[in-house]
Amino acid sequence: MTTRRMTVSQALVEFLAHQWTVDGEHRERTIAGTLGIFGHGNVAGIGQALKQLEHDQPGLMPYHQARNEQAMVHQSVGYARMRRRLGTMASAASVGPGAANMLTGAALATANRLPALLLPSDTFATRVADPVLQQLELPHDTGITVNDAFRPLSRFFDRVQRPEQLYSIALQAMRVLTDPAETGAVTIALPEDVQAEALDVPIEFLQDREWHLRRPLPERGALARAVRAIRGASRPLIVAGGGVLYSAAEDALRELVEATGIPVGTTQAGGGSLVWDHPQYLGGVGATGTIPANRAAATADVVIGIGTRYSDFTTASRTAFQNPDVVFVNINVASFDAYKHGSRLPVVADAREALLALREQLAGYRVSDGYAEELRRLTAGWNDTVDTAFRGSGADLPGQPEIIGAVQDASDPRDVVVQAAGSLPGDLHKLWRVRDPLGYHVEYAFSCMGYEIAGGLGVKRAAPDRDVIVMVGDGSYLMLHTELLTAVAEGIKIIVVLVQNHGYASIGHLSETVGSERYGTRYRRQDAQGGFDGDEVLPVDLAANARSYGVDVIVVEPGPDAIGRLRAAVSKAKGSDRATLIHVDSDPLVYGPDGEGWWDVPVAEVSTLDSTRAARETYERQRTRQRPLLG
C-alpha cells in the first residue's frame with residue numbers, strides 16, 4: 001500500500017480538496033474553500049496545512065480570511081443555499097472562544113437543513129499542557145471541552161483523539177454533508193496536538209472521491225394514497241418549501257401546477273419556487289404571507305406540502321388551515337419532516353422525483369374554473385395592494401414597504417436579495433416579487449441577526465455573475481458588520497441597503513401587539529429613570545462606520561424625494577464593481593399590508609397594564625383558531 005507521511009491537518013485539508021458532489025450529470029467541489037481565523041489552537045495545524053497546500057498545489061484549496069468565526073459559518077450557509085446544497089465551505093477556528101463563536105452558526109446551519117463543515121480546534125488530547133490557555137474546566141467532568149457544545153447543534157459530531165481516527169471520521173462527515181435528509185452542521189473537533197501529529201496516509205484517502213446525491217423515489221403505496229386524496233380535492237393547495245429549490249424541482253412544480261391548476265403558496269425558504277406573476281402563484285403563506293395564499297389555506301381541503309418543515313410561521317402557529325376536514329400530503333426527503341404535525345399521508349421522497357410522479361399520476365385532473373377564478377381575483381387585488389405599498393408617500397422618512405419597492409424597481413431579475421431578521425423578512429415575504437428561482441434568499445429558520453452581510457458574501461462567492469443585494473436594519477447590522485472588510489480585502493462586490501430606524505422595528509411592533517409598549521426596543525440615551533424611551537436618538541453614524549472599512553457609501557438623505565434618490569443609488573451601485581453600502585433613514589411605524597396571518601407569542605395572563613390586558617383578550621380570541629395537529 002502506497003502511503004505519504006503527513007500530519008493530521010495536512011491529510012484532512014488535502015482530503016477535503018478532493019471531494020466531489022455529483023447530481024446526475026452535474027459535478028462540483030463539495031468543499032469549495034476554507035474560511036479560517038488562526039490562533040494557538042490551529043495556526044500550526046490547519047493553518048500550516050493550508051499554507052503548505054497553497055505552496056505545493058496552488059488553487060487546490062482556496063483560503064479566505066474572515067473577521068468573525070460566526071460569520072464564517074454564515075458565509076458557508078449562504079454559499080450552500082445558493083449552490084442548492086451541492087457545495088459548501090469549511091470553517092476553521094481556534095481553541096475556546098474562537099470555537100464557541102461558531103456555535104450560533106452551527107445552530108443556523110442545522111435549523112436550515114444546510115451543509116456547513118466546522119473545524120473547531122480543541123485542547124490537548126494528551127492533556128500534557130493542562131489546562132491550556134482558553135480551556136474550559138469543569139470539575140465534574142474534566143473531559144468536557146467547549147466543543148462538546150456543538151453536539152446538540154450538529155447533525156454529525158466527532159473528535160479526532162488519535163491520528164488513526166481521521167479516516168473514518170472524515171468519511172462519515174462527508175456522508176452527512178452530502179445527504180439531503182441528514183445534512184446540517186457537521187463538526188470535526190481537532191485537538192491542537194493531534195492536528196500536528198504525523199501518520200502514514202494511504203494515497204487512496206487523498207484521491208478524488210465522488211458523493212452521488214440520493215434522489216429517493218416515492219413508494220408506490222404512499223404515492224397512490226396521495227394521488228387519491230388530491231383527485232378527490234376541490235380546493236387543493238401546494239405549500240412549496242426550500243426542498244423544491246434544493247432538488248432543482250421548480251420546473252417540475254411549474255409543469256404540475258400548469259397541468260392541474262393547483263395554486264401554490266411559498267414558505268420563506270421556498271421563495272422563488274414559482275416566479276411572482278405565474279398564474280398559479282399566490283405569494284407567501286402563513287404568518288408573513290399574503291391574503292390570496294392565506295385565504296386559500298384557510299379553506300383548503302387538501303394541502304400538499306413539498307419540501308417544507310412546516311414551521312410556526314408557515315402554519316401561522318397552526319391557525320392557517322381552518323377546514324375541519326383538511327388532509328395533509330407531506331412530501332419530504334426527510335421522514336422527520338414528512339411525518340410532522342401528525343400527517344396521515346407522508347411521502348418520503350425527493351421533491352423533484354415526487355413532482356414528476358404526481359404529474360404523471362394526476363393526468364386529467366384539474367381544479368374547477370370557479371376555484372381558479374376566485375384565486376385570480378384575490379391575486380389581482382393583492383397585486384394592487386402591493387403597488388400601493390410601493391408607491392412613494394413623499395414623506396421625509398419613507399416606510400419600509402416603499403424602500404423595498406424602490407430596491408425592487410432598480411434591481412434586475414437575476415439579482416439576489418438577502419435578508420434574515422427583523423421586520424424585513426415579513427415585508428419581503430409579502431412584497432418582494434421574485435423573478436428567478438434563486439433570487440430570494442431569506443434565512444428564516446433561525447432568523448439570525450447578523451447573518452445578512454456574511455450570508456451575502458457566501459451568496460456572491462457561489463454566484464459571482466449575479467448582483468447580491470443585502471437588505472439589513474440597523475439592529476442586525478450592528479450585530480455583525482465586520483465582514484464588510486472581508487468584501488474589501490477580496491474585492492467582492494455586494495450591495496448593502498442599510499435601513500436606519502434607530503432601534504428594533506420588528507420587535508417594537510411585536511411589543512405593541514403584546515401590550516409591552518415598545519419597551520426596550522428604541523436606541524435612545526438612557527434617561528434618569530433607567531429607561532430608553534426618550535425622543536433623542538443616539539448620535540450614531542453607521543454610514544461613517546461602513547466607510548471606515550473601505551466600502552463605497554451612498555447616503556440617501558431624508559426628504560420628499562428620498563425614494564427616488566434611493567432608486568438611483570441602487571442603480572449606481574449596480575453599475576459599480578466595488579462593494580457599496582446605501583444608507584437610508586426610515587419611519588419604523590409605517591407597516592406593510594396585512595396578509596391575515598397570525599403568530600403565537602404568548603401574552604402575560606395577568607397584568608396591571610391596560611395595554612397588556614387588551615392584548616391578552618386579543619390573544620385569547622386568536623388562540624381559539626389553533627389546531628392541536630395539522631394532519
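This is a predicted model: local features need pLDDT of at least 70, side-chain atom pairs count only at pLDDT 80 or more; totals for chains, interfaces and linings use all residues.
I began with D409, which forms a salt bridge with R567, and I noted that the closest N and O atoms are 3.0 Å apart. The pair links distant parts of the chain, since D409 sits in helix α15 (residues 400–410) and R567 in helix α22, 158 residues apart. Is D409 buried or exposed? D409 is exposed, with a relative accessible area of 52%, whereas R567 counts as partly exposed at 30% relative accessibility.

**Entry on a second pair in helix α22**

Next I looked up D467 and K574, whose side chains meet in a salt bridge with 2.8 Å from N to O. This pair also links distant parts of the chain: D467 is in the loop between α17 (451–462) and β20 (468–473), K574 is in helix α22, and the two are 107 residues apart. I worked out the burial of each partner from the cut-off, which calls a residue buried under 20% relative accessible area. D467 has 14% relative accessibility, so D467 counts as buried, and K574, at 15%, therefore counts as buried too. I then followed the shared partners and found that salt bridges join D412, D415, D467, K493 and K574 into one network.

**Entry on the salt bridge of R159**

A search of the whole structure finds 40 salt bridges, and I picked out one more of them, the one between R159 and D148, where the closest N and O atoms are 3.2 Å apart. R159 lies in strand β8 (residues 156–159) and D148 in the loop between β7 (116–122) and β8, so the pair ties together parts that are 11 residues apart in sequence. I checked the burial of both partners: R159 is buried, with a relative accessible area of 10%, and D148 is buried as well, with 15%.

**Entry on strand β23**

I turned to strand β23 and asked how many of its residues are buried. The count is 6 of the 6 residues in β23 (residues 580–585), so the strand is largely enclosed by the rest of the structure. I noted which way the residues point: T580, I582 and V584 point one way from β23, while L581, H583 and D585 point the other way, and all are buried.

I then looked up the neighbours of β23. Strand β21 (residues 495–500) pairs with β23 in the parallel sense over 6 bridges, and within this pairing Q500 stands opposite D585. Strand β22 (residues 552–556) also runs parallel to β23, joined to it by 5 bridges, and D552 has T580 of β23 as its bridge partner. Helix α22 (residues 562–575) came up again here, for β22, α22 and β23 make a right-handed β-α-β unit.

**Entry on the nonpolar cores**

Which residues touch the most other members of the largest nonpolar core? The core has 90 residues, and those with the most such contacts are I238, L253, M471, L566 and I582. Helix α14 (residues 369–390) gives the most to this core, with 7 residues.

**Entry on D337**

I looked up D337 in helix α12 (residues 335–338), and D337 is buried, with a relative accessible area of 5%. The side chain of D337 makes a polar contact with the side chain of R113, at 2.9 Å. Not counting residues up to four places away in sequence, D337 touches R113, T308, R309, N330 and N332.

**Entry on backbone exceptions**

Most residues other than glycine have a negative phi, and most peptide bonds are trans, so I kept a list of the exceptions that I looked up.

- A cis peptide bond joins D130 and P131, with omega about 0 degrees, and P131 is found in the loop between β7 and β8.
- R84 has a positive phi of about 55 degrees although it is not a glycine; R84 lies in the loop between α3 (69–82) and β6 (88–93) and is buried, with a relative accessible area of 16%.
- S447, not a glycine either, has a positive phi of about 40 degrees; S447 has its place in the loop between β19 (440–442) and α17, and at 25% relative accessibility S447 counts as partly exposed.

Definitions and conventions: Residues are numbered from 1 along each chain as its sequence is written. Side-chain values use heavy atoms; hydrogens and water are left out. A nonpolar core is a set of buried Ala, Val, Leu, Ile, Met, Phe, Trp, Tyr and Cys residues joined through side-chain atoms within 4.5 Å. Buried means under 20% relative accessible area, exposed over 50%, partly exposed in between (1.4 Å probe, protein chains only). Helices (H or I, at least four residues) and strands (E, at least two) are DSSP runs, numbered from the N terminus. Two strands pair if DSSP finds at least two bridges between them. A crossover is right-handed if, with the strands pointing away from the viewer, the path from the first strand over the helix to the second runs clockwise. A salt bridge is a side-chain nitrogen of Lys or Arg within 4 Å of a carboxyl oxygen of Asp or Glu. A polar contact is a pair of N or O atoms within 3.5 Å; within protein, one must be able to donate a hydrogen and the other to accept it, and residues adjacent in sequence count only if both atoms are side-chain atoms. Contact means heavy atoms within 4.5 Å.
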